[in-house]
Protein chains: 2
Amino acid sequence: MNATIICIGDELLIGQTINTNAAVIGEALSANQVKVHKSVVVGDEEAPILEEFASAWNSSNIVFVTGGLGPTHDDITRTVITKFFNTELIENEIVLQDIKDRFQSLNRVMVKINEEQALVPAVAEAIRNSRGTAPGFWIEKDGKIFIATPGVPFEMRTMLESFIIPRIQKLTEFNDSYTSQKTLLTTGIPESTLFFKLGNLDALLEGAKLAFLPSPMGVKMRVTVTEANRNDAESKLTGIEQKIRAIAGKYIYGTGTDDLAQVVGKLLAERNLTIAIAESCTGGHISDRITDFGGSSNYFERGVISYSNAAKVEILKVDEDALAEHGAVSYEVARQMAAGIKSISGTDIGLSITGILGPGGGSEAKPVGTVFIGFCDSSVCSSIKLQFGNDRIINKERAAQAALNYLRKSILGISPDE
Amino acid sequence: MNATIICIGDELLIGQTINTNAAVIGEALSANQVKVHKSVVVGDEEAPILEEFASAWNSSNIVFVTGGLGPTHDDITRTVITKFFNTELIENEIVLQDIKDRFQSLNRVMVKINEEQALVPAVAEAIRNSRGTAPGFWIEKDGKIFIATPGVPFEMRTMLESFIIPRIQKLTEFNDSYTSQKTLLTTGIPESTLFFKLGNLDALLEGAKLAFLPSPMGVKMRVTVTEANRNDAESKLTGIEQKIRAIAGKYIYGTGTDDLAQVVGKLLAERNLTIAIAESCTGGHISDRITDFGGSSNYFERGVISYSNAAKVEILKVDEDALAEHGAVSYEVARQMAAGIKSISGTDIGLSITGILGPGGGSEAKPVGTVFIGFCDSSVCSSIKLQFGNDRIINKERAAQAALNYLRKSILGISPDE
C-alpha cells in the first residue's frame, strides 16, 4: 500500500514554516506498512491543489492532505475537496456540538466563521478535533482513501494517533509482504570510513537495502528489509544488525530516534551515577540536551557555564597559573574544569568542555574549531583535543555531541581514540 | 519567474529527517523575486526522480534539486541528471583538486569513491563545495535553469549563498513587478489579541497582504506588497510597517529571521551591560541561545544551572529557609537566584528561571507548566509567574523565550504586564 502526502500552505513554500507535518505523517505511515512514495507542498490556490489531488489519487492508495482547513479566507482545502469529489457540504451535528463545547469551556464567544467549521463534505466521515475547531475528513472511494487534517501540528498529530493510524493498521493487517526497517546511529566516524569498514555490502545485506545518512552529528545507517511476512522480515533484519554490530558496534550509540543525550542519561541512571558539567564554549548546550529528558534530575546535579576566566577560577577552582601558562583552551584547563565541577558538586563524574567556536578568537596555534573535552570520575581524569570547522553553530552542536560521546565511551570503557 | 524545489531522499519520506532544506531554499528564492509554486520530495529511485524532473522542467523556470549527491551507492541524483539531460560525466579538475586539498587538510586518506565525486555532467557548470566533497551543478538550457546541490544542509546553504543566489539576482534584475516582504516578530501576545489591536486591516493594508503565523514562540506577522518596481514596493511596505509599529510596536522584538537572544544581546552590547544567568528548569537553554552569537562573551559573563537545591544554596547563596518555606519554584527563590548570580558574577544584570516543566513534579498548587522568572539590576529585583502547558520540550522553549522577553522589556523599561 502506498501514499502521497500533500501539505498545503504558502508559509511552507516560502520557508517561513518548516514542514514538520510531512515528517510526522511519513514516519507514522512508514511504521505501519504504508510506503510514502511522494510528498508535495503546494500553496493556497485552487488550481494547483486540484492538480495535486488528481495526480496523487491516480498514483496512490492513500492520499493524506494537511493544512488549509482553518476558519479564515485563505483556508480553501475543504472547498477544493468538495469540488474534487463533486459533493456538497453538510452540517455535522457532532462536530457542531464539539465546537460549541470548546468555546464554552474556553469562555469565548463563538462567531459565524467558527460555526461554519461544522460543515463537512457529504462523502466524508468527520474526524473530530479534540485540540481545535476544524474537523478532519476520512473519505473512502473506489478502494482508495483520502484523508485531510488541519495543518496545526498538534491537532494533526492527535488525529493521526487517535483515529487515522488505528484505521490504517486494520487495513494493512493482511498485506502479502512486510517491510521492516531499523536505523543504527553512529557518531565520531566519517561516512567513508564506516563504508570501508563494512566491507562487501552485497554479502552483508543479502538483498536488503542500506542507506548512509551523514550529518554534522554523525552518520546514520538505515537498513530496510522486505519479506513475505513479519517474522521473516524481522529475523533477517536482526541478522543484518548483528553482522553490522560485530564490525562497527562501538561506534553505534543508539537506534531509531534515540538522542545521544538520552542514551548517556540511561547509562548514568542504570549505573546509579551522578554528573555535573562545566561548559565554556558550548554555553550550556550539553546540559540543555541532557535536561531535555524527564527524570534527568536523578543524575544531572548541576552545570556551570564558565564563559569568563573569572568564573573558571572562582567557581571551578581552576588554577590561575594554569590559565596563564596553557590558556583557557587547553588539555590542562579542560582537565581542571572537569575535576573542579566534580569536586564542588560531589558527583561521580565531572565533564567539561572549552574551545574556540568562532567566528573570532582563533590563532595559528589554536584555530577556530579547536576544542578540548575533560572527563573525571573516581579513578581517572583525562582530556582530549578535537578540531572542528568554521561555523559557530555547527561547531557548538558537534562539540556537544563529541562531549556526550566521550562521556558514553568513558562510561562503557571504550578508548576515546576508537 | 517561478521555481519547483525537488528534495531527494528516502529519509525525508519516512520522516527520519525533517526537510529544512526546502524551507531554506524557499525563503532564499522568495526573497529574490522567484515564486516557489511547488516543493516535492521523492525517494532514492530513478523512475520517480526522472518523472519529477520532467514535470518540474515543464512547469517551472527554475528547478532546484537537493540531495543524493554523496559518494555512496544510494546516491543516484547525478546519474539521473546525466540521463535526464542525455549527457555524460566528465572529470572536473578544479573539483578534483578541491577534494584532494580537503583530504590533505583533514589529514585523511582519500579513497576511490571520493575521487569519483569530481565527475560532473558535461552540460553542467560545477558549483564548488567549500564544506564537503560533492560539487553542485548549475545547468542552463532552453532558457531555463536546473540547479543541484548536496542535501547536507550547511553544504547546500553555503552554495546557495555564495553562488546560486547571486546568479539568480542577476537574472531577476529586470522583472516588470517587484514583491517586497517583511515579517514582524512578536512574542507574549496571543494571535487574536494582536489581530484585535490592529483594527481595520483593509485600511491599514491598502491592498497589501498580511498573514498571522502563530507558534509556541510567538506570533509572526508577514506583510507582502507587490508593486510595479522596487522603490514603490519598498516604500509602501515601510509605510505599513510604521502603522503596525505605531499600534503594536512594544510587542515586536525583531524582523525576519531575528532571534530574540540576538536582539537581547545587541541591547546589552549597545548599553555596555553584562549579564549572568541562573537556570533551573531550562537546564542551560537560555544561556545556550545567548551564546549562539559571536561576540556574546562581551556581555555574557557566566551561567549556573542550579538543578539541585544544593547548587542553589552553595553557588547562588539562596536562603535555605526560603527554599523550605516557598519551595524551589516560587517568586522568592527566583528573585534570590537572580540576586545571587548577579552578586557572585559582578555583572550589571542577573536573570533567573525556576519551574516545573513536566512530565512529573506537578502539584495542585504548582501544576506542570508553572514557571517563575527573576530579574535584578542595580536598582530593582523582581520576579514574575507564568503558566505553560504539559509538553516538556515546548515548555522549555516557551520558558526560555519568555525569560528573554522579560529581559528585553526590563532593559527597555516596558512593563512586564504589557
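This is a predicted model: local features need pLDDT of at least 70, side-chain atom pairs count only at pLDDT 80 or more; totals for chains, interfaces and linings use all residues.
**Entry 1. Confidence**

I looked up the scores before anything else. Chain A has an average pLDDT of 94, and 100% of its residues score at least 70. For the complex, the predictor reports an ipTM of 0.85 and a pTM of 0.85.

**Entry 2. Relation of the two copies**

I then asked by what turn and shift chain B can be laid on chain A. A turn of 179 degrees with a shift of 1.3 Å along the axis does so, at an RMSD of 1.7 Å. I note this as the relation of a two-fold axis. The same surface serves both copies, as 84% of the contact residues of chain B recur in chain A.

Strand 2 (residues 35-42) of chain A is joined to strand 2 of chain B by 5 bridges, and the two run antiparallel. Within this pair, K38(A) is placed opposite V42(B).

Which strands make up the open sheet of 12, and in what order? I traced it as 6(A)-7(A)-8(A)-3(A)-1(A)-2(A)-2(B)-1(B)-3(B)-8(B)-7(B)-6(B), with mixed pairing. Its edges are strand 6 (125-127) of chain A and strand 6 (125-127) of chain B, each of which pairs on one side only. From one strand to the next, the twist averages 15 degrees.

I checked one parallel pair in this sheet. Strand 3 (residues 62-66) and strand 8 (residues 144-149) of chain B pair in the parallel sense over 5 bridges. Here F64(B) faces I147(B) as its opposite in strand 8 of chain B.

On the chain A side, I found helix 7 (residues 153-172) lying across strand 3, strand 6, strand 7 (136-141) and strand 8 of chain A. Helix 7 of chain A runs at about 145 degrees to strand 8 of chain A.

**Entry 3. The four-stranded sheet of chain B**

I next examined an open antiparallel sheet of 4 strands in chain B, in the order 10-11-9-12. Strand 10 and strand 12 (252-255) of chain B are at the edges with a single partner strand each, so one side of each has no neighbour in the sheet. The twist averages 25 degrees from one strand to the next.

Strand 10 of chain B pairs with strand 11 (residues 218-227) of chain B over 7 bridges, in the antiparallel sense. In this pair, S215(B) is opposite G218(B). I also noted helix 8 (residues 191-198) of chain B, which packs on the sheet and touches strand 9 (178-186), strand 10 and strand 11 of chain B. The direction of helix 8 makes about 155 degrees with that of strand 10 of chain B.

**Entry 4. Domains of chain A**

Finally, I looked up the division of chain A: domain 1 (2-172), domain 2 (178-255) and domain 3 (260-412). The centres of domain 1 and domain 2 of chain A, taken over C-alpha atoms, are separated by 35 Å.

Methods. Residues are numbered from 1 along each chain as its sequence is written. Chains are lettered from A and ligands numbered from 1 in the order in which they are written. Two strands pair if DSSP finds at least two bridges between them. Axes are lines fitted to C-alpha atoms, for helices over the stretch in contact, and angles run from 0 to 180 degrees between N-to-C directions. Two residues are in contact if their C-beta atoms, placed from the backbone, lie within 7 Å. Domain bounds come from an automatic or database domain assignment. Copies are superposed by least squares on the C-alpha atoms of residues with pLDDT of at least 70 in both. pLDDT is the predictor's confidence in each residue, from 0 to 100.
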